[in-house]
Amino acid sequence: RRMLTKAASCVAIDVRSSVSSTNTVLKEIAEQGGAEGMVLIAEQQTMGKGRLGRSFYSPKGDGLYLSILLRPQFSAEESLSITTAAAVSVAGAVEAVTGERALIKWVNDVYLRGRKICGILTEASVDFETKGLHYAVLGIGVNILEPEGGYSEQLRDVAGALYHRDDAPAGVRIRLAAEILNRFFSFYNALPERSFMEEYKQRSLLTGMEITYLRGESVQEGRVLGVDDEARLIVQRGDGETQLFSAGEVNIKKD
Ligand code: BTN
């Protein structure tokens, strides 16, 4: 177990000006035997990847596009919370840097001033025999500056950034990276203890809100009662029944 081995930490940071996707490149490095704790940061991604097969808009110099190579000693099930721990790390880091409250929209999006400023994508390679992980690549994308000319029509309603183009303090990208990495590795080294869950619950954007979600073809409505210890969303449906969601996507109900 981890307690008998060396604690994981950031062992090297490789910064590149442009890559397809920091996750894709770091997965190749992982396949070639790269060490746990390697971090890859790019100033731009030409094929940034989001969840559910979407793309992640990653214009040059406007964001922090970062991936971390992990070789978890935990079970695959315990490793699922890598992304949850990362969301709490980013929210805390954003709050430390900006001085403003950052919230987490279930499952793992980080929000500032009501807008999504960070997405997280974890990709893992599973060993079919042992059910353990060969490696996991944790990818974090934070919008630091609003893009020149603003967001596209498609992103305008949801996406936000930490700063307007002229207001960003010097060195904010590197400061944010350090704040994220410090927080993340301390959670990761004790991942099965789930010490980040209290903070996750406190930062839950959806708690108390009316939401809509897709169930098959139909749009359902509910009210979020909270998040449980396994990071499942507790939803009270229209018919009064309470339901637990362990994965998926929900939207804030518009009135
Ligand atoms: C999402 O919001 O759907 C997840 C976005 C994840 C984006 C980050 S940026 C660094 C890393 N490399 C990628 O291609 N994606 C992740």
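1. Let me start with Arg-237, which at 23% relative accessibility counts as partly exposed; here buried means under 20% relative accessible area, exposed over 50%, and partly exposed anything in between (1.4 Å probe, protein chains only). Its salt-bridge partner is Asp-239, with the closest N and O atoms 3.0 Å apart. Asp-239 counts as exposed, at 56% relative accessibility. A salt bridge here is a side-chain nitrogen of Lys or Arg within 4 Å of a carboxyl oxygen of Asp or Glu.

2. A quick word on ground rules. This is a predicted model, where local features need pLDDT of at least 70 and side-chain atom pairs count only at pLDDT 80 or more, while totals for chains, interfaces and linings use all residues. Residues are numbered from 1 along each chain as its sequence is written, and side-chain values use heavy atoms, with hydrogens and water left out.

3. How many salt bridges does the structure hold? The total is 21.

4. Have a look at Glu-123 and Lys-49, whose side chains meet in a salt bridge (3.1 Å, N to O). Glu-123 sits in strand β6 (residues 115-126) and Lys-49 in the loop between β2 (38-45) and β3 (63-70), so the pair ties together parts that are 74 residues apart in sequence. Helices (H or I, at least four residues) and strands (E, at least two) are DSSP runs, numbered from the N terminus. Is Glu-123 buried or exposed? Glu-123 is buried, at 16% relative accessible area, whereas Lys-49 is partly exposed at 30%.

5. Helix α6 (residues 197-202) has a pair of its own: Lys-201 and Glu-198 are three residues apart there, separated by about one helical turn. Their side chains meet in a salt bridge of 3.8 Å, N to O. Lys-201 is partly exposed at 26%, and Glu-198 is partly exposed at 47%. There is also a network of salt bridges linking Glu-95, Arg-101, Glu-199 and Arg-203.

6. On to the domains. The assignment gives domain 1 (2-202) and domain 2 (210-252), with bounds that come from an automatic or database domain assignment. Their C-alpha centres lie 25 Å apart. Contact (heavy atoms within 4.5 Å) involves 11 residues of domain 1 and 13 residues of domain 2. The two domains bury about 1000 Å² between them, 55% of it on carbon and sulfur atoms; buried area is the accessible area (1.4 Å probe) that two parts lose on being put together, summed over both. Lys-105, Trp-106 and Lys-201 supply 58% of the area that domain 1 buries against domain 2, more than any other three residues.

7. Separately, Arg-54 and Glu-249 meet through their side chains in a salt bridge (2.9 Å, N to O). For the side of domain 1 that touches domain 2, the largest share, three residues, comes from α6. The residues on that side divide into five nonpolar, one polar and five charged. In that sorting, Ala, Val, Leu, Ile, Met, Phe, Trp, Tyr, Cys and Pro count as nonpolar, Asp, Glu, Lys and Arg as charged, and the others, Gly among them, as polar.

8. Last, Lys-253, found in the segment after β12 (250-252). Lys-253 is partly exposed, at 36% relative accessibility. Leaving aside neighbours within four places in sequence, Lys-253 is in contact with Glu-210, Ile-211, Thr-212 and Glu-221.
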